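Trainee: I've got a model open and I'd like to learn how to read it. Can we walk through it together?

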Amino acid sequence: MMLDPAKSLTTPVNPLSVLSGVDTSDKSRIRDTAEGFEATFLNNMLQSMFTGMEEGGTWGSGDGAEAWRGMLINEYAQSISKSGGIGIADAVERELLALQEVSQ
C-alpha cells in the first residue's frame, strides 16, 4: 500500500484501513499486508516525531518541502518495516493466519 506523502502530513492514516478487504486465504499476501499495517503505524509515529521541526535540514525549505518530508518519512517507515520492523507485523500476521484457520 502506498501512502500519499502530501496528505500523510496533515491527516494521520488509520492503520486498520490497511487490513480491510484482506484475502486471508492467500498466505503470500498476508505478510505483505502485515508489513503494510506496520509501515502505516510507523509512518504515523514518525510524523509525530518530525512535527514542529524547523524547515530546512534533510528536506529543505520552500515549495515542496512538506511533500519531500512526507515522502522521506514514508520511506523511513517502509524501510523499518521491511527490515524486521518493531514486531507489529509479526503479531498482525499471526492474527491474520488465525482468522484464516477459523474461517475454514
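**Reading the salt bridges and the cores**

Mentor: Let's start with one side chain: Lys82 is exposed, its relative accessible area being 54%. Here buried means under 20% relative accessible area, exposed over 50%, and partly exposed in between, with a 1.4 Å probe and protein chains only. A word on the source: this is a predicted model, in which local features need pLDDT of at least 70 and side-chain atom pairs count only at pLDDT 80 or more, while totals for chains, interfaces and linings use all residues. Residues are numbered from 1 along each chain as its sequence is written, and side-chain values use heavy atoms, with hydrogens and water left out.

Trainee: Which residue does Lys82 form a salt bridge with?

Mentor: The general idea is that side chains of opposite charge can pair when their charged atoms come close. The cut-off for a salt bridge is a side-chain nitrogen of Lys or Arg within 4 Å of a carboxyl oxygen of Asp or Glu. Lys82 pairs with Glu35, and their closest N and O atoms are 3.0 Å apart. Lys82 sits in helix α3 and Glu35 in helix α2, so this bridge ties together parts that are 47 residues apart in sequence. Helices are DSSP runs (H or I, at least four residues), as are strands (E, at least two), numbered from the N terminus.

Trainee: Is Glu35 buried or exposed?

Mentor: Glu35 counts as buried, at 11% relative accessibility. Glu35 also bridges to Arg31, with 3.1 Å between the closest N and O atoms. Those two are separated by about one helical turn because they are four residues apart in helix α2.

Trainee: And which other residue forms a salt bridge with Arg31?

Mentor: Glu93 does, with its closest N and O atoms 2.8 Å from those of the pair. That links distant parts of the chain, as Glu93 is in helix α4 and Arg31 in helix α2, 62 residues apart. Arg31 is partly exposed at 22%, and Glu93 is partly exposed at 22% too.

Trainee: How many salt bridges does the structure hold?

Mentor: Four. A network of them links Arg31, Glu35, Lys82, Asp90 and Glu93.

Trainee: What about the nonpolar side: which residues make up the largest core?

Mentor: A nonpolar core is a set of buried Ala, Val, Leu, Ile, Met, Phe, Trp, Tyr and Cys residues joined through side-chain atoms within 4.5 Å. The largest one here has six: Ile30, Ala34, Phe37, Ala89, Val92 and Leu96. Two or more of its residues come from each of α2 (27-50) and α4 (88-103). Another core, of five residues, lies apart from that one and includes Leu42, Phe50, Ile73 and Ala77.

Trainee: What is Ser81 in contact with, leaving aside its neighbours within four places in sequence?

Mentor: Contact means heavy atoms within 4.5 Å. With those neighbours set aside, Ser81 touches Glu35, Glu38, Ala39 and Leu42. Ser81 lies in helix α3 and is buried, at 1% relative accessibility. Ile80 is also found in helix α3 (residues 65-82), but Ile80 is partly exposed at 33%.
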